[in-house]
Structures are given as C-alpha cells and as structure tokens.
Amino acid sequence: MPTIILLTEDALRPSDVENIATLHGDEPLTITVLVPADTERNVVTDFIDHLSLLELKEAWEAITERETEAEARQEAGEALERTVSALQAAGATVTGSVVDDDPLPALTQAVVNTDADEVVVVTRPHAVEDTFHQDWASRAREKLGVPVLHFYTGTNLLG
C-alpha cells in the first residue's frame, strides 16, 4: 500500500482529490496530510502572485487585509478537516496535522516517520517562489530522498 505525504495550503478541491486518489490506480493509499498555518505571509509576494494571475481583488486584499495568527491557525485546521474527509471518502486511510509556517521540518519528519513512498504538494501558482525554485515542492526535492509531485490546485497541471 503506497504511503504519501500530502502538503497543501488549502482544502483540496474535488479535482485535487481525484488526482491524488488515482495516482496509483485502484491501490489503497495511506496519506498523511500537512497543512501549514500561514501566520507569517509575505505581503509583497502575495500581491505579486495575485497580480500575475490577474486576480486584482485578491491582490488588493493581500495588501489591505491581514489575518491574525489565531485566524490563520483556524483556517488551516478547517482546510485540514475538509481535506482529510474528502480523501477518506475517496477510500484512502488518512491522518493529518496543522504544522508551522515553514512546513519543511514537519515534512521531513513525516517522510522519515512513515517511510513514505512519495510527497505530493498541492498549491496555487506562486509566481515568485515557483520562478526562483523556492516553492515547497522545489525545496522538498532538494532535501528529501523521495519523489515529489507538485499539482496546482484545481487543475491537473504539474509545477
């Protein structure tokens, strides 16, 4: 039974669940979900990311609306619950947790603890991080000794 560590910044969409559930055909999956509590967002990077996708409203909100640490943790907890439920409904055995802003230490520990076969990262496109290979998937590829697959949420596009 393949073991996957899933790192996501938002609750998975139905298409994301389908992408992950079908990675190994009909084989049952064991998945550990990690959702970072993004308490230290970079306003400039968020603004550029939204502008690059022509998301003008979201770009404005990145500058004008800041969430508290408690709100960020609550949002991450809700995303975790929805993701775990969706993956379980798809037939996977799933556990998960909310992790710190920089998920790489928790990701590394999860890979070691579970003897994971692969890591799947699901994010929105991030123009700055993706361009300079500072996104979670690129950083994980450099550090971990397992395959890392990067999906852009809501699509079947690979990062």
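Predicted model: local features only at pLDDT ≥ 70, side-chain atom pairs only at ≥ 80, totals over all residues.
Student: Which residues of β4 are buried on each side?

Tutor: E118, V120 and V122 are buried on one side, and V119, V121 and T123 on the other. In a regular strand, side chains alternate between the two faces of the sheet.

Student: How do you know that R124 and E9 form a salt bridge?

Tutor: The cut-off is within 4 Å, nitrogen to carboxyl oxygen. R124 and E9 meet at 3.6 Å, so the pair qualifies. This pair links distant parts of the chain, 115 residues apart.

Student: Why is E9 called buried, but R124 partly exposed?

Tutor: Buried means under 20% relative accessible area. R124 has 27%, which falls between 20% and 50%, so R124 is partly exposed.

Student: What about R124 and D10?

Tutor: Their side chains meet at 2.4 Å, within 4 Å, so this is a salt bridge too. D10 counts as partly exposed because its relative accessible area is 24%.

Student: What makes D102 and R139 a salt bridge?

Tutor: They meet at 2.9 Å, N to O, and therefore pass the 4 Å cut-off. D102 lies in the loop between β3 and α5, R139 in helix α7.

Note on methods
Residues numbered from 1 in each chain as written. Heavy atoms only, no water. Buried < 20%, exposed > 50% of the residue type's maximum accessible area, 1.4 Å probe, protein only. Helix = DSSP H or I, 4+ residues; strand = E, 2+ residues; numbered from the N terminus.
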